[in-house]
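Hello! Here are some friendly notes to read alongside the structure. Please keep the 3D view open and look up each residue as you go.

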Amino acid sequence: MVNLVIVSHSAQLGEGVGALARQMLMGDGCKLAIAAGIDDPENPIGTDPIKVMEAIESVADTDHVLVMMDIGSALLSAETALELLDPDIAAKVRLCAAPLVEGTLAATVSAAAGADIDQVIRDAMHALDAKCEQLGLPSPSAEKSASAELSPDTDARSIAIVVKNPNGIHVRPASRLVSTLSGFNADMWLEKNGKCVVPDSLNQITLLQVRCNDTLRLIAKGEQAEDALAAFKQLAAENFGESLAPTQAKNVATQVPSRVTGTVIFYTPFSPEISPQPAASLQAEQQRLQAAIQSTLNDLSELTALAEEKYSADIAAIFSGHHTLLDDPELFDMACDVMREKQCSAACAWQQVLSELSQQYLQLDDPYLQARYIDIEDLLSRSLQHLTGATAQIPTFSHPTILVADVIYPSTVLQLDPLTIKGICLRAGSEASHPAIIAREMGLCWMCQLGETLDSIKTGDTVTLDCVAHRITHTG
């Protein structure tokens, strides 16, 4: 649990920020204390270390206290307060450099939701991103990252292309982009609207949210810069390996029937239990994580081959993309950082890193990219099985079945038997998701976002799905 202290030169500003923040609170997940202004009617503007110390003490009955500050002496007063505090309390305190108003609101929401101190700080530090995105400005976090890596350089060359892929640069074309550029001895950056990422991370490329008709620029310098730019131009001319023509069904077996009937079976995606016990050896946990990632990559190679054999190259490309997505050194490095900071197990750290990545996808405003969050959840479930030794069973049935679930993973759908599974109904999910694409390729009726409609259905019911009208009826 994380509590907050607001430090401001102005008592009115401090109370105002506190009032705004309290509007964000639901329940008692986060306490707020305010240390603002000084007790001098003639000159009330200023900060008092004693006030800051007392504010921290008033909310110290928690795991961590995050101090939000405005300017100048607010930081000095907070640092002085740390020196005055009991060492046990001072050890709980973190000072945050985020903007006072936006940062406090973001931190309050994050803390009230139960996020740990590192996540609360990250949310506070990125509090301006949404405003910048809405105004069409590069975010400070992206600007900082780009400026650290990409300074003006007369040796750097670039080429800009207009993306023609109907769904933009999502996971599969991003995978082709990473693969194509990885072989060149050059420093490279992809840029869209002032935001830059290094094109060796599929996740970072996808999170750029490059849509159809967006301009994407590759910047390169180094020995093979010209070759890299030429390869990028050629890849763009090939639409990053995607056909722009509508996909035609290979044969009548892949056509989705307009109506199907079957017996309802409820299904819950597998989610291994993670022990919260601290790790005994950081090195051992890192090795365990490496082994689990490699085993998951081997699984994905097998799934890619299975998809190619049973269905099509397009379906195989989904799992090939998963392979590239998971084979990202940045994810492993982030998990190692979490293990070092929290002294936790590989499973706990990996769950945090991939869950946060899944949330990043969910928060995108492009529905097609947003739907890719389930791919991250699929990878997390599969890799945690290798870390914990648990195993998930793909459901099998001997009679026509309608599978009902909250969500379902793409790898699960791929391994279903279309001779017995006739349809899939989800409370949530997306028509644009990879599970939906795979299901339609298999000739299965796919219905999602059904919500409370499924409350009247129970295991063993016989139902008919009208795939055209998007309707479920009891038939027995």
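This is a predicted model: local features need pLDDT of at least 70, side-chain atom pairs count only at pLDDT 80 or more; totals for chains, interfaces and linings use all residues.

1. Confidence is highest in strand β1 (residues 2-8), at 95, and lowest in helix α8 (residues 140-149), at a mean of 47.

2. Over residues 143-154 the pLDDT stays under 50, and the model has eight contacts for them beyond four places in sequence. Residues 247-253 also stay under 50, and for these the model has eight such contacts beyond four places in sequence.

3. Now look inside. In soluble globular proteins, nonpolar side chains tend to be buried together. Here the largest nonpolar core has 86 residues, and those with the most contacts inside it are Leu-190, Phe-232, Leu-289, Phe-319, Trp-350 and Ile-424. Which helix gives the most to this core? That is helix α15 (residues 346-362), with eight residues. Another core lies apart from it and has 20 residues, including Val-5, Ile-56, Ala-74 and Ala-81.

4. Leaving aside residues up to four places away in sequence, Trp-350 touches Leu-289, Ile-293, Leu-326, Leu-331, Phe-332, Ala-335, Leu-380, Ser-383, Leu-384 and Leu-387.

5. Next, find the open sheet. Four strands make it up in the order β5-β8-β6-β7, with antiparallel pairing. At its edges are β5 (157-162) and β7 (195-197), each of which pairs on one side only. From one strand to the next, the twist averages 25 degrees.

6. Zoom in on one pair of strands in that sheet. Strand β8 (residues 215-221) runs antiparallel to β5, and six bridges join the two. Within this pair, Ile-159 stands opposite Leu-218 in β8. Helix α11 (residues 225-237) packs on the sheet, where it touches β5, β6 (187-192) and β8, and its direction makes about 0 degrees with that of β5.

7. Two backbone angles are worth checking. Most residues other than glycine have a negative phi. Asn-239 is not a glycine, yet it has a positive phi of about 55 degrees. Asn-239 sits in the loop between α11 and β9 (259-266). Is Asn-239 buried or exposed? Its relative accessibility is 15%, so Asn-239 counts as buried. His-470 also has a positive phi, near 60 degrees, and is found in the loop between β13 (462-466) and β14 (471-474). His-470 is partly exposed, with a relative accessible area of 34%.

8. Finally, the cysteines. The structure holds one disulfide, formed by Cys-445 and Cys-467, whose sulfur atoms are 2.1 Å apart. Cys-445 lies in strand β12 (residues 445-447) and Cys-467 in the loop between β13 and β14, so the pair ties together parts that are 22 residues apart in sequence. The torsion about their S-S bond is about -135 degrees, so the disulfide is left-handed. Cys-445 is buried, with a relative accessible area of 0%, whereas Cys-467 is partly exposed at 22%.

9. One more cysteine for comparison: Cys-96 is in no disulfide, and the nearest cysteine sulfur, that of Cys-30, is 13 Å away. Cys-96 is buried, with a relative accessible area of 3%.

Methods:
Residues are numbered from 1 along each chain as its sequence is written. Side-chain values use heavy atoms; hydrogens and water are left out. A nonpolar core is a set of buried Ala, Val, Leu, Ile, Met, Phe, Trp, Tyr and Cys residues joined through side-chain atoms within 4.5 Å. Buried means under 20% relative accessible area, exposed over 50%, partly exposed in between (1.4 Å probe, protein chains only). Contact means heavy atoms within 4.5 Å. Two strands pair if DSSP finds at least two bridges between them. Axes are lines fitted to C-alpha atoms, for helices over the stretch in contact, and angles run from 0 to 180 degrees between N-to-C directions. pLDDT is the predictor's confidence in each residue, from 0 to 100. A disulfide is a pair of cysteine sulfur atoms within 2.5 Å.
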